[in-house]
Amino acid sequence: MFSSALLDAVRARFAHVDACPFSGPRVFFENAGGALTLKSVVETSGLYAAIPDNQGRDNPASKALMAAIDKAKADMRLFFNAPDGQVFVGESGTEVLFRLIRTAALGAAPGGIMLSTTLEHPASRSAMARWAGVTGRAHILVPHDDATGCVDAAAYARFITPEVRVATIVHTSPVTGMAVDVGAIAAAIRKASPDCFIIVDGIQHASHGAVDISALAIDGYAISPYKVFARHGYGVGWASDRLTACTKETVIGGPATSWEMGTRDTGSYATFSDVVDYLVWLGSTFTQSEDRRTRLEAAATAIHDHETALADAIVNGMGNMRGLKDIPGLHIIGGADNARREGVISVWLEGTPSEDIVSFLNARGIRTHTRKADHYSGNVLAPLGRPDCVRISFSHYNSPAEVAQFLTAINEFTSAA
């Protein structure tokens, strides 16, 4: 876990870290719905929002905009560890996934099938269903394991054939919080179907661990920067050279490698550089290396370790406060002891609507969220026979004191229930 001094330094870099501008002091355990925003991102957004000049002009302001975009694209490559392929900004992470999947479905060899899993967010599942229908392919869903809240290569293997044309993988589930072994799954798909296009939804994973595209045999990766300490209003994608070569929507006569539609917001790019700069700073406190990628990886490892310690305290308790696993009638999705967990613990309490728990915690200054068995979370909750659950989602800037405040409140609620 971070030292007190480092945690203070981390928290000082985030806006509204301990208080909501509308409701006052609070613990923010709703990070899976969108992480806190770096103060530098707020400043950068305001700076670029005020600049009237456009990109691609022969004037100093325009050249400064283009320099910011070039820096950001280099930072995106560093973040993804993707020296090849194309990085680009889109409308949102969901929109980026739709575009990657659409391009893959239309660019793949005719026939065959498209393969997803029941663990995936509707962003990728909906895109796959849509373009399987348009291209006349079957859309096959690999079932995830209800007990672990995850899906593995062995589960995929039962459905992988040479006929798989497009496959999707969710790196981490936003409902169960469990990370998936993308490398093992991609390798299994490649072995059976070398030409398959593989698209990864990294939206939930990106703030909790390293992304290393160079180590993965994939063709597309999408993230939502508002979940990685930036802001709403854009998504970031990476596409392999092979996928980029497929026919896609582009302006007639424009660059064949371009994925971007129209003039993008320079502030989107610049704020992603803020994220990378922050992670490089954080990593510098754990390694003496001057290499920025090494520092990013060090930051990812430290973030994972800190969040694992927070999860352990929430589940097992701290001091004289009992943890979630010892509360009668309370169930933890994916189990109490699960090494795949990244920043999310989803629970339900027998005989109690999850909304009641969320409201109780909110009244005591602790922000959590109810997930319902709807089009967003029904894929996980319906097989469990649950109408809803409470999602407790944390990040590396959350503190042991905040965990203690949460445990005090949840034990108060369950003792009275």
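Tutor: The axes of helix 1 (residues 4–11) and helix 9 (residues 266–284) cross at roughly 170° and come within 12 Å. Helices (H or I, at least four residues) and strands (E, at least two) are DSSP runs, numbered from the N terminus. An axis is a line fitted to C-alpha atoms, for helices over the stretch in contact, and angles run from 0 to 180 degrees between N-to-C directions. Helix 1 is therefore roughly antiparallel to helix 9, a label for angles over 145 degrees, while those under 35 count as roughly parallel, 65 to 115 as roughly perpendicular and the rest as oblique.

The model is predicted: local features need pLDDT of at least 70, side-chain atom pairs count only at pLDDT 80 or more, and totals for chains, interfaces and linings use all residues. Residues are numbered from 1 along each chain as its sequence is written, and side-chain values use heavy atoms, with hydrogens and water left out.

On the helix 1 side, L6, A9 and V10 make the contact; on the helix 9 side, Y278, W281 and L282 do. Contact means heavy atoms within 4.5 Å. By class, this contact of helix 1 with helix 9 has six nonpolar residues, no polar and no charged ones. Ala, Val, Leu, Ile, Met, Phe, Trp, Tyr, Cys and Pro count as nonpolar, Asp, Glu, Lys and Arg as charged, and the others, Gly among them, as polar.

Elsewhere, helix 11 (residues 354–363) lies across strand 14, strand 16 and strand 17, and runs at about 35° to strand 17. Strand 14 (residues 344–349) pairs with strand 17 (residues 388–393) in the antiparallel sense over four bridges; two strands pair if DSSP finds at least two bridges between them.
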